[in-house]
Amino acid sequence: MEPLPEDSTRNWAEPGVYSVAPGVYRIPLPLPNDALKAVNVYAITDGTELVLIDSGWALDEAREQLAAGLKGLGAELGDISEFLITHVHRDHYTMAVSLRREFGGKIGLGQREEPSLTLSGDPDRFPMHAQVELLHQCGAKPVVDELARLFGGLKHTEAHLWEQPDEWLTPGKRAVPGRELDIVHTPGHTNGHVVFLDDEAGLLFTGDHVLPHITPSIGFQPVTVALPLKDYLDSLALIRAMPDQRMLPAHGLVTDSVHARIDELLEHHRERLETMGAQIAAGATTAYETALRLGWTRRGRKLPDMDAFNQTLAVLETGAHLDLLVSQGKLAADEVDGVRHYAASQP
């Protein structure tokens, strides 16, 4: 498997190894039963040392494709000296743990991911426990009931893959083969999410912070925060204030301008805030009721037409938007029997 040039006409998830820049290669790894199809792992090498940005999900098929991709670079799985992980989600973190056990490469993860990582490794804890609590707060009992029907009897089968990293990453410089990266903390998608900036080469490894085709989920993590959407928008503004770079995302093709995509994401959330606030003014009182009135995905699907997991993401995103409007003084909120109710704020 020889490296291929990055090509915008090619399906981004097609297996292979793609040359992004001198010494930087994109290797998409499969995500079975996932609408995202694949996750990009980036190999950085100077011909003697090898570091990966993100690692993939610990699945046999993903491991085989990673090994095949590295073989095209004249390397093997055991040659990976370090994994630099953008955030704690399983499609980014767990392969690193699996390979470290076998070959000994080190793992670096954003420091603010520590609370969520610790809970992820609890074998007695339902992985979506925090999301179920938030769904109750959103008034989304039908979604909670459907999650219980689908997953209530399942055990946490991946708890053993949430081992601690070798290093907690904090903002600052990090040397990797042939270049120096800046670690930038970008909370929102998760509280400890980081991106990696190669300013000299004009590259930004954006993880799930900025994606070319979808809007990242907000605050989907075991340990929740009060205003994840505010964190996310602030993080977008932080990156937008930096010089523009080529965007190397975790899902999708490499694109020429991270600024262009950030502008689209900021506009999307501005519109959603306006639309959701209007739904409260029109009579919706909870996040669930609001989500039922909206269209979802680019096809404008209705909430009941989506599976339980994507309904969860939609309702929680709605709640995050409404809570931000409350913090801005544009809505008021109170809780009744654990359910948050919203209303237009009084002048």
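I count Ala, Val, Leu, Ile, Met, Phe, Trp, Tyr, Cys and Pro as nonpolar, Asp, Glu, Lys and Arg as charged, and the others, Gly among them, as polar.

**Ground rules.** I am working on a predicted model, where local features need pLDDT of at least 70 and side-chain atom pairs count only at pLDDT 80 or more, while totals for chains, interfaces and linings use all residues. Residues are numbered from 1 along each chain as its sequence is written, and side-chain values use heavy atoms, with hydrogens and water left out.

**Entry 1, the eight-stranded sheet.** I looked up the strand order and found an open sheet of eight, E1-E2-E3-E4-E5-E6-E7-E8, with mixed pairing. My strands (E, at least two residues) and helices (H or I, at least four) are DSSP runs numbered from the N terminus, and two strands pair if DSSP finds at least two bridges between them. At the edges I have strand E1 (4-5) and strand E8 (167-169), each pairing on one side only. Inside the order I checked E3 (residues 24-30) and E4 (residues 38-45): they run antiparallel and are joined by seven bridges. Pro28 has Asn40 in E4 as its bridge partner.

Next I asked which strands helix H2 touches. H2 (residues 90-103) packs on the sheet against E4, E6 and strand E7 (106-110), and its direction makes about 155 degrees with that of E6. Helix H1 (residues 60-71) lies across E3, E4, strand E5 (50-53) and strand E6 (80-85), at about 155 degrees to E3. For these angles, axes are lines fitted to C-alpha atoms, for helices over the stretch in contact, and the values run from 0 to 180 degrees between N-to-C directions; contact means heavy atoms within 4.5 Å.

**Entry 2, the five-stranded sheet.** This open sheet runs E9-E10-E11-E12-E13, again with mixed pairing. Strands E9 (172-176) and E13 (246-249) each have a single partner strand, so one side of each is left without a neighbour in the sheet. Neighbouring strands are turned by 30 degrees against each other on average, direction ignored. E12 (residues 203-207) pairs with E13 in the parallel sense over four bridges, and Leu204 has Met247 in E13 as its bridge partner.

I found one cavity of 30 Å³ or more. On a 1 Å grid over the protein atoms alone, a cavity is a set of points where a 1.4 Å probe fits but cannot get out; a pocket is an open set with protein on both sides within 12 Å along at least five of seven lines; lining residues have an atom within 4 Å of a point. Points are joined across faces, edges and corners, and a volume is the space filled by probe spheres set on them. The largest cavity has about 40 Å³. Leu204 turns up again in its lining, with Leu197, Ile239, Met242, Pro243, Gln245 and Val258. That lining has six nonpolar, one polar and no charged residues.

Of its 16 lining residues, Leu134, Val225, Ala226, Pro228 and Asp323 are the closest to the centre. Helix H4 (129-137), helix H9 (308-327) and strand E15 (339-344) each give two or more residues, with H9 giving the largest share, four. By class I have nine nonpolar, five polar and two charged residues.

I followed H9 to its packing with helix H5 (residues 141-151): the angle is about 145 degrees and the axes are 10 Å apart. Val143, Glu146, Leu147 and Leu150 in H5 meet Ala308, Gln311 and Thr312 in H9. This contact has four nonpolar, two polar and one charged residues.
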